Amino acid sequence: MDELGNILIAGTGPVAVQSAVLLAQLPGELGIAGRDSTRAAEFFTSVEHHGKHVQAQVQNPAHGALAGQARLAHRYLGYHRVRPDWDTLVMAVPADAYLPVLRALPEETLSAMKRIVLLSPTLGSAKLVGEYARRRAAHPEVISCSSYLGDSRQIAGTSGIKVLTAGVKKRIYLGSTRTQSPAAARLAAVLEAAGTAVQAASTPVEAEARNMSLYVHPALFMNELALQAVFSPGPVPKYVYKLYPEGPVAPALIHTMAQAWRELNAVTGALGGQGVNLLQFMLEDGYPVRPESITPQAAANFDKLPAAEQEYLLYVRYASLLIDPYSQPDEHGRYFDFSAIAFRPIFINDQGQWDIPRMPKEDYYRTKIIQGLARKHAVPCPMIDQLLENYERALEDAARQLEPQPCSPQFRVEDFTEHVDMIGSPSRSAA
């Protein structure tokens, strides 16, 4: 069956390469497009030198279905060069790049698209993409995944054409603007064959609301310890998921996370979606803890518990994952140090500018969109407001301290008003 037709992947990073390998098994043409940049030019040159192929490897043999190669029959350096030969556009770029990619496409190319797949959207991304397309007289189906299916990284020295996928999510959610979508069903089948369970969501926004990063990253990355580690790192590393003082996890941070979750559930409800039981979501879709630490019954009843009990259980969850509770201890009785994920500091990018790591750069965009939607729908979100105030203050301080060195645009405080207005525009029924 040819439910997805000819597929064009937008992006040239590890997500794009792994997606190409997965989608190469489908009938139809496969192509890739990227920004007209130095890095993308190196990528396309390397693709040409390797017989128009890209390759994915896996760290865990159990994920072997993700390994392989794909031939990219069509390649576009610059989105403005894309011809109108494509049925499906797969967005393998960050959510804040969706509008820039769509704007760069020729109008006749966008009009020819039957569907657009969002691999890493944020809350409201499907509405944003659909509204932009509608304003240009295009009416594609929009399919949102809750998140990208795994953890893929570029293999050093390959100009990005070879990637390693180190982990795979147990489950992702898939929602389409069209009911009983054959294309969404086919995409789900591809993902499930790769080892990830797929659960259908009734709408794109319900899928988008089931991204763990939305709930945990603002609290973990927009606190004093984390912001210091990112923007003014010292000689001793700090770790994202460790307890204070090795990392930011402390009762106050857990209170912040729980309150932000309540606010986000309210925003999701205002958009017509269904909120999540945060603890159950963490244990079933993230990494589980042993039932001796948190019982299944406690997780199932989490959203009905008093706030203090909720926060206690969230603290227990993070404390229980300081080590991998399902790993095998070594001869000294030590388990795998599961929480030793260090904060990445700011760095010099390939344009010679100071830049911000993906986390928290992408989390800033996601959280600003949530804040904007909350205000548009008159949903109070004082905790989300405070987290963003923390981040923006650190952003401005860092930009001043780095002067006169060049900084990327990511060091600017943004409001993304245009994005929020498009997401909040009156809904129109899908074709």
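Predicted model: local features only at pLDDT ≥ 70, side-chain atom pairs only at ≥ 80, totals over all residues.

Me: How do you know that the span of helix α2 agrees with its number of residues?

Reply: Helix α2 covers residues 38-49, which makes 12 residues. At 1.5 Å a residue these should span 16 Å, and the end C-alpha atoms are 17 Å apart, so the two values agree.

Me: Which residues of α2 are called buried, and what does the word require?

Reply: Buried means under 20% relative accessible area. In α2, Ala40, Phe43, Phe44, Ser46 and Val47 are buried.

Me: Why are the buried residues of α2 said to line one face of the helix?

Reply: Seen down the axis of α2, they fall within an arc of 160°, and therefore they line one face. An α-helix has 3.6 residues a turn, so residues three or four places apart point the same way. On the other side of α2, Thr38 and His49 are exposed, a word that requires over 50%.

Me: What covers the buried residues of α2?

Reply: The cover includes α1 (14-23), β2 (30-34), β3 (53-58) and β5 (74-77).

Me: How do helices α8 and α10 cross, and what makes the contact?

Reply: The axes of α8 (residues 212-221) and α10 (residues 251-270) come within 9 Å and cross at roughly 140°, in a right-handed crossing. The contact is made by residues including Leu214, Tyr215 and Val216 of α8 and Trp261, Leu264 and Asn265 of α10.

Me: How many residues of this contact are nonpolar, polar or charged?

Reply: Nine are nonpolar, two are polar and none is charged.

Conventions:
Residues numbered from 1 in each chain as written. Heavy atoms only, no water. Helix = DSSP H or I, 4+ residues; strand = E, 2+ residues; numbered from the N terminus. Expected span 1.5 Å × (residues − 1). Buried < 20%, exposed > 50% of the residue type's maximum accessible area, 1.4 Å probe, protein only. Arc of directions from axis to C-beta. Contact = heavy atoms within 4.5 Å. Axes fitted to C-alpha atoms, helices over the stretch in contact; angles between N-to-C directions. Left-handed = near helix turned anticlockwise from the far one by under 90°. Nonpolar A, V, L, I, M, F, W, Y, C, P; charged D, E, K, R; others polar.
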